[in-house]
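Hi everyone, thanks for coming.

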Amino acid sequence: MADKIKLLVAVLLVIAGVAGFYFFADAPTVVRVLSVLAGVVLAGVVAGTSAPGRQFFRFALDARDEARKVVWPTRKETIQMTGVVMAFVVVMALFLWAVDGILLWLVKLAMGQGS
């Protein structure tokens, strides 16, 4: 039950931050943005003390560790694969254009409008 209350308080803090953005309509934009950021940060701190918050934090750390294990392609590989994708898109566009033209011709022929 305590976790649900913590999560509810976190949601209310985010709502309060957004409400502060509109409440301080005459204030400088920096103050308005800081009110939202303060609400989000405080909500994160409160939510982080709950069991679901701790689980999410552990998940985020695991995801970061897994992302570090990824072998990213080199610039040359990225450019080559982009070229392959663009060529495939052009070929598919031409193929679909041809199929569309043939089907249009067949429909016109079936409707008696073809020449």
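Let's start with a term we need: a salt bridge is a side-chain nitrogen of Lys or Arg within 4 Å of a carboxyl oxygen of Asp or Glu. And keep in mind that what you're looking at is a predicted model.

So, how many salt bridges do we get by this rule? The count comes to two. One of them joins Arg 64 to Asp 65, with the closest N and O atoms 3.6 Å apart. Arg 64 is partly exposed, at a relative accessible area of 41%, and Asp 65 is partly exposed as well, at 33%.

Then there's Glu 66 with Lys 69, whose side chains meet at 3.2 Å, N to O. Both of these residues sit in helix H3, three residues apart, and that's about one turn of the helix. Is Lys 69 buried or exposed? Lys 69 counts as exposed because its relative accessibility is 57%, and the cut-off for exposed is over 50%. Glu 66, at 46%, counts as partly exposed.

Now for a charged residue without a partner. Arg 32, in helix H2, is buried yet has no salt bridge. Which side chain of opposite charge is nearest to Arg 32? That's Asp 26, and it is 7.9 Å away, whereas the rule asks for atoms within 4 Å. What Arg 32 does touch, leaving aside neighbours within four places in sequence, is Phe 21, Tyr 22, Phe 24, Ala 25 and Ala 27.

Ser 50 is buried, and its relative accessible area is 0%. Again leaving aside neighbours within four places, Ser 50 is in contact with Asp 3, Lys 6 and Leu 7.

Next up is helix H4, which covers residues 75–110. H4 has 36 residues and reaches 52 Å from its first C-alpha to its last, close to the 52 Å expected at 1.5 Å a residue. After H4 comes Gly 112, with a positive phi near 80 degrees.

There's also a nonpolar surface patch of about 960 Å², and the residues making it include Phe 88, Trp 105 and Leu 109. Leu 109 is in H4 and counts as partly exposed, at 44% relative accessibility.

Last stop: Phe 57, in H3, is exposed at 53% relative accessibility.

Notes: Residues numbered from 1 in each chain as written. Predicted model: local features only at pLDDT ≥ 70, side-chain atom pairs only at ≥ 80, totals over all residues. Heavy atoms only, no water. Helix = DSSP H or I, 4+ residues; strand = E, 2+ residues; numbered from the N terminus. Buried < 20%, exposed > 50% of the residue type's maximum accessible area, 1.4 Å probe, protein only. Lys, Arg positive; Asp, Glu negative; His and termini not counted. Contact = heavy atoms within 4.5 Å. Expected span 1.5 Å × (residues − 1). Patch = residues over 30% accessible without salt bridge, like charges linked within 9 Å, V, L, I, M, F, W, Y side chains within 5 Å. Areas by Shrake-Rupley, 256 points an atom, 1.4 Å probe, with all protein chains shown as cover.
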